[in-house]
Amino acid sequence: MGEAGCDVRDIEEAANILVNARHAIAFTGAGISTESGIPDFRGPQGLWKQYSPEIATIDYFLQHPKEFWLFYRMRMSTLFTAKPNRAHRALAELESMGVIKAVITQNVDGLHQAAGSKNVIELHGTMRRAVCIACGRAYPMDVVTRKIDSGQVPPLCDECGGVLKPDTVLFGEPVKDFDRARELAMISDAVLVVGSSLTVYPAAYIPLFVKEMGGKVIIINMEPTELDYIADVNIRCKAGDAMEKLLEKIIEMRKQGTTVTQ
Ligand code: APR
């Protein structure tokens, strides 16, 4: 849909909600990183269109660590070259303006932090490091890729010889920092969802918690999501375009010192 899809009225309504919110948070998924060259999972060119999601389960990792790491090594090549895009930068700017208080993300690419976001909760962990499943020792992912590229597949711990695992949450594992994320959602009166199909739980509870507490839900997504029915504003266009326009409108509203009335 691209730029043409960003309805000006929706952008204005979303900006009005965020400027008037007491405590707004962002909730992001893989769709915010596709413009950085990282494929999403369920979009038209999503990873789960080419591979079975079974490869991202903890059982598959434990039974087939070599095949698992060969899949992850392919993913890491896009991850290492990826840079934050307009949407990540706009979110970091909104946090520095005090409009967005935190980013709760399902992504493991670290691009929110790279863009300057400070208060980030990575529900599904991070691809930036791996840990030994036996002794817990952590390794930066570039060290791990050197092990793999030198033929050590699966990569092993230097200390105890145990198998290393990316510090991401695989299907079948508990998510990270969920209590902290839920507490944030429960005190929020607005959530800006960017680039998620909202199909994976418990992560997708976050916008639901905000809604249940009487908060407003804004969804920016190129395709329909599973939670469109709870959206107060549904912006069906590219995250980069929408976030740039949203930031512009919020800066304009702040300058005028006035906001569009509901
Ligand atoms: N702008 C807006 N929306 C986009 C863009 C874009 N540039 N690119 C993709 N999208 C949309 C897609 O249409 C899709 O609906 O982003 C959504 C991404 O949804 P998913 O691929 O399902 O990603 P996500 O919601 O983050 O998946 C959640 O599933 O596989 C697990 O652990 C993995 O964290 C992931 C979780």
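## Disulfide count and basis

With a disulfide taken as a pair of cysteine sulfur atoms within 2.5 Å, the count comes to one. A disulfide is a covalent bond between the sulfur atoms of two cysteines.

The model is predicted, so local features need pLDDT of at least 70 and side-chain atom pairs count only at pLDDT 80 or more, whereas totals for chains, interfaces and linings use all residues. Residues are numbered from 1 along each chain as its sequence is written, and side-chain values use heavy atoms, with hydrogens and water left out.

## The bonded pair

The disulfide joins Cys 6 and Cys 237, whose sulfur atoms are 2.0 Å apart. Cys 6 lies in the segment before helix H1 (8–20) and Cys 237 in the loop between strand E9 (233–235) and helix H10 (239–256), so the bond ties together parts that are 231 residues apart in sequence. Helices (H or I, at least four residues) and strands (E, at least two) are DSSP runs, numbered from the N terminus.

The torsion about the S-S bond of Cys 6 and Cys 237 is about 80°, and the disulfide is therefore right-handed. Cys 6 is buried at 6% relative accessibility, and Cys 237 is buried at 1%. Here buried means under 20% relative accessible area, exposed over 50%, and partly exposed in between (1.4 Å probe, protein chains only).

Cys 157 is buried, with a relative accessible area of 4%.

Cys 160 is in no disulfide either, and its nearest cysteine sulfur, in Cys 132, is 3.5 Å away. At 40% relative accessibility, Cys 160 is partly exposed.
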